[in-house]
Protein chains: 2
Amino acid sequence: MNKSDNSKFPLVVIVGGGFGGLEVARKLANKPVEVLMLDKHNYHTFQPLLYQVALGSLEAESIAFSLRKNFGRQRNFRFRIAEVTRINSEKNTLDTSVGEIAYDYLVIATGSTTNFFGNKDVEHHAMPMKSIPEALNLRYLIFQNFEEAVLQKVKDEREAYLTFVLVGAGPTGVELAGAIAEFRNHVMETDYPELKKDEVKIYLVDFMPKTLATMSGPASMASADYLKKLGVELLLNTKVESYDGDVITFEGGKSIRTKNVIWSAGVMGVIPHGLSKGVVERGNRIRTDNICRVDGSENIFAIGDVAAMITPETPKGHPGVAQVAIQMGDNVGKNIIHLIKNEPTEPFKYNDKGSLATIGRNKAVADLGKIKFQGFFAWLVWIFVHLFSLLGTRNKFIVFLNWMANYLSYNGGSRLIIRRFVKHVPPHSADYVTKGE
Amino acid sequence: MNKSDNSKFPLVVIVGGGFGGLEVARKLANKPVEVLMLDKHNYHTFQPLLYQVALGSLEAESIAFSLRKNFGRQRNFRFRIAEVTRINSEKNTLDTSVGEIAYDYLVIATGSTTNFFGNKDVEHHAMPMKSIPEALNLRYLIFQNFEEAVLQKVKDEREAYLTFVLVGAGPTGVELAGAIAEFRNHVMETDYPELKKDEVKIYLVDFMPKTLATMSGPASMASADYLKKLGVELLLNTKVESYDGDVITFEGGKSIRTKNVIWSAGVMGVIPHGLSKGVVERGNRIRTDNICRVDGSENIFAIGDVAAMITPETPKGHPGVAQVAIQMGDNVGKNIIHLIKNEPTEPFKYNDKGSLATIGRNKAVADLGKIKFQGFFAWLVWIFVHLFSLLGTRNKFIVFLNWMANYLSYNGGSRLIIRRFVKHVPPHSADYVTKGE
């Protein structure tokens with residue numbers, strides 16, 4: 001689509017249909033602009049629940065929502081499945097997998113991908129979990145490894161298949177560890193009568209001295225406590241040195257035999273080619289001014305995980321969480337209209353609504369401003385917030401139903417292996433390719 | 001697993017977790033046997049609803065059910081993901097992808113796959129829909145082709161992407177045609193504002209002179225009528241000659257440009273290697289006696305789509321429908337116990353409960369013995385029967401919820417393209433391999 005198709009209004013191109021991109025598009029409904037969203041998938045992913053897709057307790061479709069369907073009634077909205085290969089900022093165009101696209105305003109909302117910090121061994125063998133294809137791939141790995149374990153007649157040969165090492169004790173690692181532990185504790189022996197609970201080991205590793213290090217002290221302590229009660233072994237102050245697919249080795253020499261290493265120890269922004277190297281900050285994020293505008297540009301914005309708004313108040317930018325992306329999206333949506341109308345822009349101001357993380361079947365930790373609490377009530381808040389944030393009434397119903405089934409029976413999940421695990425899901429493609437297999 | 005693991009009781013090996021295999025295993029619960037089920041997937045597929053997975057109105061997980069979970073409480077049941085590569089009937093063992101397995105009794109419940117009747121062109125380019133991976137692959141093809149159509153600026157170039165040719169006017173073809181028509185009529189222009197309804201063409205092709213030829217006259221006539229009202233063009237008395245991926249050609253010379261040919265014109269049994277060629281009947285089915293025992297064998301049974309019970313009353317065997325498989329499974333389960341106890345066996349007797357097929361959002365045709373009816377009430381019966389037959393309370397709830405959403409809004413589906421379409425899903429593997437791409 002070129003601007004000329006709808007020449008009446010300026011064209012705003014949004015790259016990425018995550019939390020930030022969605023919010024920009026929404027804010028531009030019924031405004032004097034045309035909106036074109038590009039995404040490599042035709043759906044929005046509710047990333048906070050990916051770990052439940054990996055464990056088979058939710059279907060991928062329950063936490064994803066068709067972007068076309070979501071904006072079907074928004075008359076100035078168009079969508080293309082496309083990957084942006086280059087930004088040509090000097091002529092205001094994008095090179096994409098579906099041809100060249102001209103823009104008047106560009107919003108880069110491409111999010112982040114897993115950061116292996118240059119460790120190629122780990123990158124090759126460990127499993128990331130930042131997208132639906134990756135979460136499904138992880139599911140297939142986990143349940144294929146249970147199947148493999150059943151086939152091993154000697155207990156010692158089962159060990160590596162039944163050992164789970166989660167690297168990174170942020171919300172993803174903590175939630176995944178809790179979910180695997182609940183599966184082991186309550187479901188595994190029914191599904192796999194050949195295996196015994198105590199054969200399954202779950203390790204949660206972080207180089208920091210505590211779990212949920214970005215949350216409050218009480219949240220960290222409670223999460224560690226809940227995890228230990230579920231039987232998760234914490235390896236804190238521990239740095240990964242290498243992983244060859246069979247053995248993970250830590251600095252200092254300790255090592256663990258495992259076929260299941262899941263890496264959620266860091267993220268980095270996904271920046272399309274073509275921007276000046278000078279605007280790239282630590283963590284591969286794009287430096288912006290206080291209205292999310294890319295440094296040195298008039299009409300290019302960056303929001304969410306891929307943005308680093310460096311100001312005196314935020315010398316390192318904002319945390320990579322959904323709320324930042326949503327609020328930046330809201331800000332950019334408004335400011336684009338201000339710019340078009342030659343009105344003064346509104347500087348971005350982050351309103352931190354707090355953090356939540358859940359551990360296992362019915363516990364969570366919550367830091368809501370000065371109010372910090374943990375346990376069952378935090379879990380109810382977690383449920384409410386996540387259901388409320390999910391796109392689509394049908395998804396809310398289905399997820400709620402699944403959670404209730406799971407809460408009542410421990411065993412709500414489907415755990416289907418629809419296709420075989422592949423070593424790598426290419427991060428920038430909707431396709432699965434078997435690489436090195 | 002070898003017999004020696006559980007030497008106390010005879011081992012019954014069931015190959016295939018479809019309707020028939022499930023029923024055998026159920027019948028053997030709490031009986032003096034060990035049961036080992038092998039399937040290439042770890043789930044049972046409710047095939048009658050595959051077409052709704054293909055259209056994205058149901059998730060794959062809603063119509064599939066984990067075999068391990070289903071039999072988790074049956075103490076004499078074991079399961080392996082495995083493909084049988086050879087039956088060694090002389091020594092009562094199977095060669096499988098997970099090693100050699102000895103059996104005392106063997107039940108072949110491997111079902112059927114798509115029959116292209118030797119037409120290699122069609123086999124290479126047309127889409128089958130007999131399994132969950134195939135239904136998902138078809139979904140990705142359909143929605144990728146809508147995306148492709150959007151990218152074509154000239155109307156003429158959109159034609160092939162927006163033309164659907166369904167070959168085979170049995171229940172699958174009829175139901176799929178109805179579902180695609182409903183999508184076109186009620187959803188497409190919202191999802192794809194660039195496209196117009198009348199650009200989408202849907203053809204249902206059969207070499208027979210009527211739709212649903214195996215059902216009653218009134219059912220055939222009503223289904224043809226409903227389809228025409230939905231805008232499906234019927235090409236009856238029409239035989240496919242070739243399809244090259246762009247143009248399908250019929251005997252007599254007529255041809256249609258299309259990227260979407262879906263083939264449900266026939267099935268053939270999936271027989272593991274090793275059985276004598278002498279027992280193979282038309283349609284690649286295994287000839288059995290009246291207790292489903294493979295001709296010439298003492299302890300090998302075949303049931304469901306892969307079986308042809310040739311008796312004076314059934315000179316061509318039974319129809320390839322779920323009810324036959326279920327009832328044969330029931331019969332074999334009972335007779336294995338009779339044989340073990342040296343009791344007389346019970347001959348199989350098919351109790352035809354009738355046929356149903358649905359067309360579009362709220363119409364169906366029903367032949368229930370002498371009672372034949374069509375329309376909305378038949379659709380209610382169809383809903384009830386299918387919900388009742390689905391495995392798992394959670395699945396029943398979720399499917400019901402989806403159907404209600406769809407009935408009320410026309411637009412309940414999710415239509416996600418989780419991975420790219422691949423030319424072929426190998427019929428005998430859980431894996432996707434890109435072939436010739």
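Strand β9(A) pairs in the parallel sense with strand β21 (residues 300–302) of chain A, over 3 bridges. Within that pairing, I108(A) stands opposite A302(A) of β21(A). The model is a predicted one. In chain A there are 12 helices and 25 strands, and a rotation of 180° places chain A on chain B.

**Strand β9 of chain A and its partners**

- Strand β1 (residues 11–15) of chain A is also joined to β9(A), by 4 bridges, and the two run parallel.
- V15(A) has I108(A) in β9(A) as its bridge partner.

**The four-stranded sheet of chain A**

- An open sheet of 4 strands in chain A has the order β13-β12-β11-β17, with parallel pairing.
- Its edge strands are β13 (233–235) and β17 (260–263) of chain A, each of which pairs on one side only.
- On average, neighbouring strands of this sheet are turned by 20° against each other, direction ignored.
- Strand β11 (residues 163–167) of chain A and strand β12 (residues 201–205) of chain A run parallel and are joined by 5 bridges.
- Across this pairing, V165(A) stands opposite Y203(A) in β12(A).
- Helix α7 (residues 171–186) of chain A packs on the sheet and touches β11, β12 and β17 of chain A.
- The direction of α7 makes about 170° with that of β12(A).

**The four-stranded sheet of chain B**

- Chain B has an open sheet of 4 strands in the order β13-β12-β11-β17, with parallel pairing.
- β13 (233–235) and β17 (260–263) of chain B stand at the edges with a single partner strand each, so one side of each has no neighbour in the sheet.
- Strand β12 (residues 201–205) of chain B pairs with β13(B) in the parallel sense over 3 bridges.
- L204(B) has L234(B) in β13(B) as its bridge partner.

**Overall form of chain A**

- The C-alpha trace of chain A spans about 70 × 50 × 45 Å along its principal axes.
- Chain A has a radius of gyration of 22 Å, which agrees with the value near 22 Å that a compact globule of 437 residues would have.
- Of the 437 residues of chain A, 52% count as buried.
- Among contacts in chain A with a separation of 6 or more, 64% are between residues 24 or more positions apart.

**How the two chains are related**

- Chain A is superposed on chain B by a rotation of 180° with 0.0 Å of shift along its axis, and the RMSD is 0.0 Å.
- The two copies are thus related as by a two-fold rotation axis.
- I398(A) comes closest to the rotation axis of the residues of chain A, at 3.3 Å for its C-alpha.
- Both copies use the same surface, as 100% of the contact residues of chain A recur in chain B.

**Where the chains touch**

- 37 residues of chain A are in contact with 39 residues of chain B.
- On the side of chain A that touches chain B, at least two residues each come from β4 (64–66), α3 (67–70), α5 (132–151), α8 (188–191) and α12 (393–409) of chain A.
- The residues of this side of chain A divide into 19 nonpolar, 7 polar and 11 charged.

Note on methods: Residues are numbered from 1 along each chain as its sequence is written. Chains are lettered from A and ligands numbered from 1 in the order in which they are written. This is a predicted model: local features need pLDDT of at least 70, side-chain atom pairs count only at pLDDT 80 or more; totals for chains, interfaces and linings use all residues. Two strands pair if DSSP finds at least two bridges between them. Copies are superposed by least squares on the C-alpha atoms of residues with pLDDT of at least 70 in both. Two residues are in contact if their C-beta atoms, placed from the backbone, lie within 7 Å. Ala, Val, Leu, Ile, Met, Phe, Trp, Tyr, Cys and Pro count as nonpolar, Asp, Glu, Lys and Arg as charged, and the others, Gly among them, as polar. The radius of gyration is taken over C-alpha atoms; the globule rule is 2.2 Å times the number of residues to the power 0.38. A residue is buried if 20 or more other C-beta atoms lie within 10 Å of its own, exposed if 12 or fewer, and partly exposed in between; C-beta atoms are placed from the backbone. Axes are lines fitted to C-alpha atoms, for helices over the stretch in contact, and angles run from 0 to 180 degrees between N-to-C directions.
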